[in-house]
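Visitor: I have a structure to go through and would like to ask about it step by step. Please show it first.

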Amino acid sequence: MPDGEIRKGRNEPRPAEGIWESMEKSVYKLPVINIVSRLLACALFVSAAVVVSSAAAMPVRAESAVIRAGSGETVPPSGPASAASDLSAEDTSGVMIGVGPGAASRAISFDVSRFSLPENAEALVVVEGSGGSTCRVYAYTAGEDGWVETLRTSGYLGLNGMSSDRTEGDKTTPIGLFCMNTPFGQCEALEGFPESYIQVTEDYVWSDATNTLVADADAQGEHVGTHWYAGYYDYAIDMGYNREAIAGKGSALFLHCIREGRVDTSGCVAIPREDMIAVMKLYGACAEGACYIALAPEGGFEAVYDSCDM
């Protein structure tokens, strides 16, 4: 007698066998309609398994998108998070902003109309710290109806972030509102640069004692015209911090060019070279002493609006 059949006249169960083996043997004894039903049931079972598996994977994809967004990358509301690094963000004014470390974001944490400046103010640069040594930099010119944005870029600031009580050597960028001065650089002046622009040579030093640029190679300070500062000081403008040259507060804090490979400064603010050229031309279009710079971490401008240090 073949294995698996019940012996006539007895209630002996057939030997145990696997489910697939049982189905295989039963198929040959069922009508065609039952075969079709079983096949449909198998198909439904497989489809349900696929749906459950996909649903289980979805939270992992969503969590990844949140992490990327928190790191400073702009992630679209839908679509894989892995595409975020290939995107750019667009703010409400239509200005395209690059995505990446320190890049300008959609939201601005300050109100440019609230900065208390002298009536002669013609230009304003705003440095908004965005965490660590990264920042977003904006430039404005005074228009008939208020400030008009002319530049938006990203850059780097002090290795140790920003401070309202900076001391010499602490590698922080000062928080405050200052009058910019002394445009200079190792490169030749371009069309539109200020008439007061100084092309520095190795004879020039930014003096520690006076916190000014002097043509005295023997002075103590930064030898801004030497090869050590090539790239950084292709073009630079003094930010106006510590104009009284108070000892221990630090000096030689500029808005200058980013040098390839550097992602922080000793306290200055560094932006791309082409943007520094644009700021230099903006400065050149203003009267002397009419260009200001405001610096604070994101969300920290309340303490700066009325702090102009002229």
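This is a predicted model: local features need pLDDT of at least 70, side-chain atom pairs count only at pLDDT 80 or more; totals for chains, interfaces and linings use all residues.

Visitor: What share of the contacts with a separation of 6 or more joins residues 24 or more positions apart?
Guide: The protein chain has 310 residues, of which 36% count as buried. Among contacts with a separation of 6 or more, the share from residues 24 or more positions apart is 56%.

Visitor: Is strand E3 largely enclosed or largely open?
Guide: Ala123, Val125, Val127 and Gly129 point one way from E3, while Leu124, Val126 and Glu128 point the other way. In a regular strand, side chains alternate between the two faces of the sheet. Residues pointing either way from E3 are all buried. Since seven of the seven residues at 123–129 are buried, E3 is largely enclosed.

Visitor: Which residue in the hairpin of E3 and E4 takes a positive phi?
Guide: Valine 127 stands opposite valine 137 in E4. Four residues lie between the two strands of the hairpin. The residue with a positive phi, near 110°, is glycine 131.

Visitor: Which element supplies the largest share of the largest nonpolar core?
Guide: The core has 44 residues, and those with the most contacts inside it are Val127, Phe184, Leu255 and Val269. At least two residues each come from E3, E4, strand E14 (236–238), strand E15 (254–257), strand E16 (269–271), helix H3 (273–284) and E17. The largest share is six residues, and the element that supplies it is H3.

Visitor: How many residues does the second, separate core have?
Guide: This core includes Phe110, Tyr140, Cys179 and Tyr292. Its residue count is 16.

Visitor: In what sense do E15 and E16 run?
Guide: E14 and E15 pair in the antiparallel sense over three bridges, with isoleucine 237 opposite leucine 255. Three bridges also join E15 to E16, where cysteine 257 stands opposite isoleucine 271. The sense in which E15 and E16 run is parallel.

Visitor: Which strands are the edges of the open sheet of three strands?
Guide: The order of this sheet is E12-E11-E13, with antiparallel pairing. Two bridges join strand E11 (residues 205–207) to E13, and tryptophan 206 stands opposite glutamate 222 there. The edge strands each pair on one side only, and they are E12 (213–214) and E13 (221–222).

Visitor: Is tyrosine 229 buried or partly exposed?
Guide: Tyrosine 229 lies in the loop between E13 and E14. Beyond its neighbours within four places in sequence, it is in contact with Gln186, Glu222, His223 and Val224. Buried means under 20% relative accessible area. At 22% relative accessibility, tyrosine 229 therefore counts as partly exposed.

Visitor: What is the C-alpha to C-alpha distance between tyrosine 229 and arginine 259?
Guide: The two residues are 30 residues apart in sequence. In space, C-alpha to C-alpha, they are 9.1 Å apart.

Visitor: How many charged residues are in the lining of the largest pocket?
Guide: The largest pocket holds about 390 Å³ of space. It is lined by 22 residues, with Glu222, Tyr233, Ala252, Ser266 and Cys268 nearest its centre. Seven lining residues are nonpolar and seven are polar, and the number of charged ones is eight.

Visitor: What is the volume of the largest cavity?
Guide: Among the residues lining the largest cavity are Tyr156, Tyr232, His256 and Arg259. By class, the lining has four nonpolar, two polar and three charged residues. The volume of the largest cavity is about 30 Å³.

Terms used: Residues are numbered from 1 along each chain as its sequence is written. Side-chain values use heavy atoms; hydrogens and water are left out. Buried means under 20% relative accessible area, exposed over 50%, partly exposed in between (1.4 Å probe, protein chains only). Two strands pair if DSSP finds at least two bridges between them. On a 1 Å grid over the protein atoms alone, a cavity is a set of points where a 1.4 Å probe fits but cannot get out, and a pocket is an open set with protein on both sides within 12 Å along at least five of seven lines; lining residues have an atom within 4 Å of a point. Grid points are joined across faces, edges and corners, and a volume is the space filled by probe spheres set on the points. Ala, Val, Leu, Ile, Met, Phe, Trp, Tyr, Cys and Pro count as nonpolar, Asp, Glu, Lys and Arg as charged, and the others, Gly among them, as polar. A nonpolar core is a set of buried Ala, Val, Leu, Ile, Met, Phe, Trp, Tyr and Cys residues joined through side-chain atoms within 4.5 Å. Contact means heavy atoms within 4.5 Å.
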